[in-house]
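Subject: Structure handover

Hello,

Here is the structure you are taking over. My notes follow below it.

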Amino acid sequence: MPETQFFEHSLTLSKKSLPAKQTFPARLAYWTFGDPSSPAILLPSCYGGTLANTLPFLYDEKAHPSPILPPSRYFVIITGLLSGSESSSPHNTPAPFDGPNFPHTTYEDNIRLQYALCQKLGVKKLFLYAGFSMGGQQAYHISALYPSFVEHMICLAGSARTSWHNWCFLEGPRHALTCSKDFHDGNYDPKVGAPAGTRAFSRVYSAWALSQGWFREKCWEQLGHKDLETYLEANWSGFGDANDLLRLLWTWQQGDITLYYPEDHGDLAKTLGRIEAKCLIFPSRTDCYFPPEDNEEEVKHLKHGELRVIETVWGHLAGGGSGTKEDTEYIIQEVKRFLEL
């Protein structure tokens, strides 16, 4: 793996951030592969993601024997979300922005920071911006905020606006964490964390990440687990820093590309129509967060949009390459077709 680099930038937070319009000394963690003169691709991280697990099957021969976006042909940039991953987050930022004092950042903050990084790297236009989950939402946001900057965008298991159902789902794990005995309003010992809270958060989250069909077919057995409890203990017993989880969740809940154009008055169809990029919108059939029905409506209003659906029981996780081998190969082949590779 390459050495993690950090782009330090004095970021003026968006008017929807908390606190609004505050200047924040942001550090954007990123990797680069390939020649900067090659067509540029940006892959942003997702909720709880890291640079290392951000869609490696698309570009890394260690993750796939024949990656379709190899660094020998493309300049690949991987970035981490604020409030999570290796970028500025509650767990790694010194006072006065540490822990519960870390600002509530928006997708706009992330996109403006990524755009500034691209300018520093000499990238005048992105050949492709592709992301999964919160990364997929970022794909919509950069395409709306900088319409002429993105040639192709791929939204894997994401949406242009966080639906009310999605928002409400996130309230479940959020309350499980904030009501835990060791959360202490975010003022827990960072060396100890809030393990009871993050465990509760993970268990509430677990059922939503997959699908009813996944549980009906006992798919944990495909992963080598003898029963569901063994699977849950191994995979959903607590992940990440509690304050990181909550700040990143807040970003997710505020996702709405219409906020960039007040004159659209919240009309999503109108804002979608502003996007110039060629768009591949790619949900999972059984995604409980970002159902394909929402994406079907979005594609109707994109100038250059097409929809493909992963037919799988692996729910939301399939969109990031954590479904079956067949699910991931379908993603790869459709991306290859879309980009005319």
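What volume does the largest pocket have? It is about 640 Å³.

Before the rest, some ground rules. This is a predicted model, in which local features need pLDDT of at least 70 and side-chain atom pairs count only at pLDDT 80 or more, while totals for chains, interfaces and linings use all residues. Residues are numbered from 1 along each chain as its sequence is written, and side-chain values use heavy atoms, with hydrogens and water left out.

Pockets

The search ran on a 1 Å grid over the protein atoms alone; a pocket is an open set of points with protein on both sides within 12 Å along at least five of seven lines, and lining residues have an atom within 4 Å of a point. A volume is the space filled by probe spheres set on the points.

The largest pocket is lined by 25 residues, and Cys46, Tyr47, Phe132, Leu317 and Ser322 lie nearest its centre. Its lining has 15 nonpolar, 10 polar and no charged residues. Here Ala, Val, Leu, Ile, Met, Phe, Trp, Tyr, Cys and Pro count as nonpolar, Asp, Glu, Lys and Arg as charged, and the others, Gly among them, as polar.

The second largest pocket holds about 440 Å³ of space. Of its 23 lining residues, Arg161, Gln253, Gln254, Gly255 and Asp256 lie nearest the centre. The lining of this second pocket divides into 7 nonpolar, 9 polar and 7 charged residues. Helices (H or I, at least four residues) and strands (E, at least two) are DSSP runs, numbered from the N terminus.

An open sheet has 8 strands in the order 1-2-4-3-5-6-7-8, with mixed pairing. Two strands pair if DSSP finds at least two bridges between them. Strand 1 and strand 8 (305-307) are the edge strands, each pairing on one side only.

Strand 5 (residues 126-132) is largely enclosed by the rest of the structure, because 7 of its 7 residues are buried (buried means under 20% relative accessible area, exposed over 50%, with a 1.4 Å probe and protein chains only). Strand 5 runs parallel to strand 3, joined by 3 bridges, and Leu42 stands opposite Tyr129 in strand 5. On to strand 6 (residues 150-156), also parallel to strand 5, there are 6 bridges, and Leu128 stands opposite His152. Between strand 5 and strand 6 the chain passes through helix 2 (residues 134-145), and this β-α-β crossover is right-handed: with the strands pointing away from the viewer, the path from the first strand over the helix to the second runs clockwise. Strand 6 is joined to strand 7 (residues 278-282) by 5 bridges, running parallel, and Ile154 has Leu280 as its bridge partner in strand 7.

Backbone details

The peptide bond from Leu18 to Pro19 is cis, with omega near -5 degrees; Pro19 is in the loop between strand 1 (5-12) and strand 2 (23-33). The bond from Ala95 to Pro96 is also cis, with omega near 10 degrees, and Pro96 is in the loop between strand 4 (75-79) and helix 1.

Which of these is Leu55, buried or exposed? Leu55 is buried, with a relative accessible area of 3%, and its phi is near 45 degrees, a positive value in a residue other than glycine. Asp185 also has a positive phi, of about 55 degrees, but Asp185 is exposed at 66%.

Regards

Definitions and conventions: 1 Å grid on protein atoms, 1.4 Å probe; cavity = no way out; pocket = protein on both sides within 12 Å on 5 of 7 lines; lining within 4 Å.
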